[in-house]
Amino acid sequence: PSKQTLIELQSRLVADKLPQDPIIDRVEQGRRTVASIENLSSEAAKRREWKVLLEDYLVKDPSQHDISPKVWEYLRQAHKGVYRIDCGVEGRDEAESKQPVVLVLDEDKINAVLSDPDLFSSEEIGGRLETFFAPHHIGMDPGDRYWNESSATNAVFYKYQDETAFNQAFEIAKAHLDRRKLISQSASDQNSDVSKAFKIELTREFIAPVLADISKTWFGVPDGTHFKSGAWAWDLTMGADRTTRCPGDFLAPSRGAFYPRPTAAIEDYAQRHGERLGQGIEGLLKTWQSSTVEGQLSGQLAEAIGNDDLLGRNIIGSMIGMLPPMDATMRFVLLDWVDEKTLWQVQGDLYAAAAKGKGDPHAYDVAKAVLEEKLKRSMSKRPAPDLLYRTAKKNGDIGGVKFDAGDMVILSLVSATQAGIQSNEPSVDVIFGGHRSGGARNRGGNPHACPAQKMVMGALLGFLTALLTAGRIQALPASLILEISDWPPVPVPVPKV
């Protein structure tokens, strides 16, 4: 994930923009790209090129910025959104690389795959999670163990209200920004030559700390002893001086488990950081045995599960599934708004709605009305995750394309969401594995669809609203560094006696 982040933020790729070329030209360009791959004489070269297409932002040269979206458009139109890659996609070794792949790019067909666990298995995800951390129900196919370990946890997440999450996230982000404002105010008061403004690098100075704080509110993690607040780092130290980081140590295990073809480096980080997660939660569970379980969700989970081992696995497993996509979504959305120069329009829309008497710009109903569709559109350009996968349990076909037992089925969520933008109907449901219309158990749908979709969307809106209402925002030349100024005075907190 760190390599991907560096490439994305330093090169500021413009693939997300979905240039509005005539659709027929884009489809033809996609066709030519696919034909050029299929005409390669080397099977290894074909596998490499498919990996480049699938992992657009990780391995592709920035000059090739719009190739993948055009290929997805071609495959949706000419192949009805399903394409068999007989040669496979480059993996860690020869056996993995030669595994045939069926690529699914249409939202309805993606949902059909996700909703048929009898035919398409999640157990490879489970195997990876168990290797990196521990068993978790997100990587189990439905059966007695799956329902026993998932039902109560999913129900707790499913009933958590988006407005509650919004308010929590807003207050957390506002408090973080206010602390920065107070430092700036103090410096300006002491020296009139110092402007009342501050620069903030969003990835490490805003996104990581607010995610850590919301995690503490929800899960009691980080607790300051077994887990500390911290972003991703290259440090691999496994000694006693290396406290587990939140959200930083959750990123590699997530990508290693949920991405179809993680690199050897990602797997190495996933293994090492996953071990830290295991050590951290083991220590925290021991602390909770002699005290109160901290965190609103963890407290509810403890009451519902009543099993220390399962409680720990479900807390950390849920955070592995939740924090990295939230981290990536905020980065991608803010980069999109800055890059497209719409950040200030979005900010203005929020205040304009308040000026028209629609309510406080900090209020949930105003933020939801003004920001939610803009958030969904940006999430659809570059969803997190952008890919998922399943393994075929037996022979069958998807949309007339045959597959055999053991084939990997790669689900291009980014293709589905970008198609929604082109039809002017952006939707983020597929990013969460489909909408849970069937309740906490999601009967008839994907049993693994995220039960926390409302909660996560509410929190994202809260974080963004706090940033947008923090003052005058100026984008600096470096990606995702902002300068904030011109805010009303922030009262200095009165120390508690």
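Of the 497 residues of the protein, 56% count as buried, meaning under 20% relative accessible area with a 1.4 Å probe and protein chains only, where over 50% is exposed and the range in between is partly exposed. This is a predicted model, in which local features need pLDDT of at least 70, side-chain atom pairs count only at pLDDT 80 or more, and totals for chains, interfaces and linings use all residues. Residues are numbered from 1 along each chain as its sequence is written, and side-chain values use heavy atoms, with hydrogens and water left out.

Next, display the aromatic side chains: the whole structure holds 10 aromatic pairs, defined for rings of Phe, Tyr and Trp (its six-membered ring) by centres within 6.5 Å, with planes under 30 degrees apart called stacked, over 60 edge-to-face and the rest tilted.

Select Tyr146 and Trp147, an edge-to-face pair with 4.9 Å centre to centre and 75° between the planes. Tyr146 is buried at 1% relative accessibility, whereas Trp147 is partly exposed at 24%.

Move to Phe166 and Tyr364, whose ring centres lie 5.4 Å apart with planes at 65°, so this pair is edge-to-face. The two residues are 198 residues apart, Phe166 in helix H10 (residues 162–190) and Tyr364 in helix H17 (residues 364–381); helices are DSSP runs of H or I with at least four residues, numbered from the N terminus. Phe166 is buried at 0% relative accessibility, and Tyr364 is buried at 12%.

Then select Phe157, Tyr160, Trp218 and Phe219, which ring pairs link into a cluster.
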